[in-house]
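Have the sequence and the model open side by side. This report walks through annotated residues, strand pairing and charged pairs.

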Amino acid sequence: MKLIEAKDYQGMSRKAANIISAQVILFPRSVLGLATGSTPLGIYRQLVDWYEKGDVDFGEIHSVNLDEYCGLSPENPQSYRYYMNQNFFGHVNIKPENTAVPNGMAEDFETECKKYDRHIAELGGIDLQLLGVGETGHIGFNEPDQSFDKMTHRAALREETIQANSRFFQSMEEVPRYALTMGIKAIMQAKKILLVVSGANKADILEKALFGPVTPGIPASILQLHPDVTVVADQDAMSAVHSRRR
């Protein structure tokens with residue numbers, strides 16, 4: 001596992017974007033696993049800027065997203081398909097048909113999840129998976145549990161996650177209670193993983209995930225077992241890691 005520290009959020013975003021752009025430039029037909037939420041926004045802005053300058057080309061890239069809320073259409077401003085279109089896909093030359101986000105409006109979620117895993121397998125797997133981590137230690141929407149969910153599935157969101165995501169909605173009642181998410185096995189099968197973390201509120205969980213026991217109670221701790229993980233975090237997020245090393 002490689003740890004890279006940045007001074008602040010902007011520095012974290014740039015360093016992480018450097019890793020993704022290098023993957024795209026060296027392997028222009030890569031399959032990128034993409035994440036949503038507030039942490040990756042700066043990364044997408046940086047990648048768009050480099051694309052506009054002609055530094056990176058997404059024309060042959062395929063992407064698969066980690067998750068999507070159940071019950072939200074792609075046109076809903078709070079859906080993750082909408083997020084991706086607004087913050088990344090709509091600003092670069094990635095082909096729409098080469099992007100995949102779970103269908104939160106599927107009539108049969110079990111069938112949709114199997115279809116999503118099959119799509120990833122048909123692409124040859126994920127070359128680089130971008131991840132954030134929640135304050136509960138969740139990656140994607142794999143919440144703390146008694147066991148690691150393996151493949152794409154419908155996940156019930158914990159109250160802490162619902163509260164954390166409520167800032168994006170007009171009221172707590174509007175926050176979906178379920179989401180479709182890649183499972184731990186699907187994530188761990190990625191050839192490379194890039195974990196990005198920002199803010200003092202993530203410091204404690206980052207330290208536990210990287211140096212504590214591997215347990216489904218902290219889903220991100222499974223990353224300790226992956227052979228190629230790079231963590232890019234700002235100083236605030238790394239503060240507990242530094243305290244541990246003293």
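Leaving aside neighbours within four places in sequence, which residues is His-138 in contact with? The contacts of His-138 are Gly-132, Val-133, Glu-143, Thr-161 and Pro-219. Keep in mind that this is a predicted model.

**Annotated residues**

The unreviewed UniProt entry carries the annotation "active site" for Asp-67, His-138 and Glu-143. The three are spread over 77 residues of sequence, yet they cluster in space, with a largest C-alpha distance of 12.6 Å. From this set, Asp-67 and His-138 belong to the lining of the largest pocket.

His-138 sits in the loop between β6 and β7 (153–156). Glu-143 lies in the loop between β6 and β7 as well. Are these side chains' residues buried or exposed? His-138 has a relative accessible area of 13% and is buried. Glu-143 is buried too, at 10%. The cut-off for buried is under 20%, so both values fall below it.

Glu-143 has its own list of contacts. Not counting residues up to four places away in sequence, Glu-143 touches Thr-136, His-138, Ala-156, Leu-157, Arg-158, Thr-161, Pro-216 and Pro-219.

**Strand pairing**

Now the strands. β2 and β3 are paired in the parallel sense over 4 bridges. Within this pairing, Gly-33 has Val-64 of β3 as its bridge partner. Together, β2, α2 and β3 form a right-handed β-α-β unit.

What does β3 join through 2 bridges? Strand β5 (residues 99–100), and the two run parallel. Here Val-64 stands opposite Ala-100 in β5.

**Charged pairs**

Side chains of opposite charge can pair when their charged atoms come close. How many salt bridges does the count come to? The count is 6 salt bridges. Among them are these:

| Pair | N to O distance | Relative accessible area |
|---|---|---|
| Arg-29 and Glu-60 | 3.2 Å | Arg-29 66%, Glu-60 40% |
| Lys-191 and Asp-127 | 3.3 Å | Lys-191 46%, Asp-127 16% |
| Asp-204 and Lys-208 | 3.1 Å | Asp-204 42%, Lys-208 35% |

Start with Arg-29 and Glu-60, which meet in a salt bridge. The pair links distant parts of the chain, 31 residues apart. Arg-29 is in the loop between α1 (9–26) and β2 (31–34), and Glu-60 is in the loop between α2 (41–52) and β3 (62–65). Arg-29 is exposed, whereas Glu-60 is partly exposed.

Next, Lys-191 forms a salt bridge with Asp-127. Lys-191 lies in the loop between α6 (184–188) and β9 (192–197), and Asp-127 in the loop between α4 (109–122) and β6 (128–131), so their pairing ties together parts 64 residues apart in sequence. Lys-191 is partly exposed. Asp-127 is buried.

The pair of Asp-204 and Lys-208 is a salt bridge inside one helix. Both residues are in α7 (residues 203–211). Why are they separated by about one helical turn? Because they are 4 residues apart in that helix. Asp-204 counts as partly exposed, and so does Lys-208.

Technical notes
Residues numbered from 1 in each chain as written. Predicted model: local features only at pLDDT ≥ 70, side-chain atom pairs only at ≥ 80, totals over all residues. Heavy atoms only, no water. Salt bridge = Lys/Arg side-chain N within 4 Å of Asp/Glu carboxyl O. Buried < 20%, exposed > 50% of the residue type's maximum accessible area, 1.4 Å probe, protein only. Pairing = 2+ DSSP bridges. Right-handed = clockwise from strand over helix to strand, strands pointing away. UniProt positions renumbered as here; feature names shortened; annotations may be inferred. 1 Å grid on protein atoms, 1.4 Å probe; cavity = no way out; pocket = protein on both sides within 12 Å on 5 of 7 lines; lining within 4 Å. Contact = heavy atoms within 4.5 Å.
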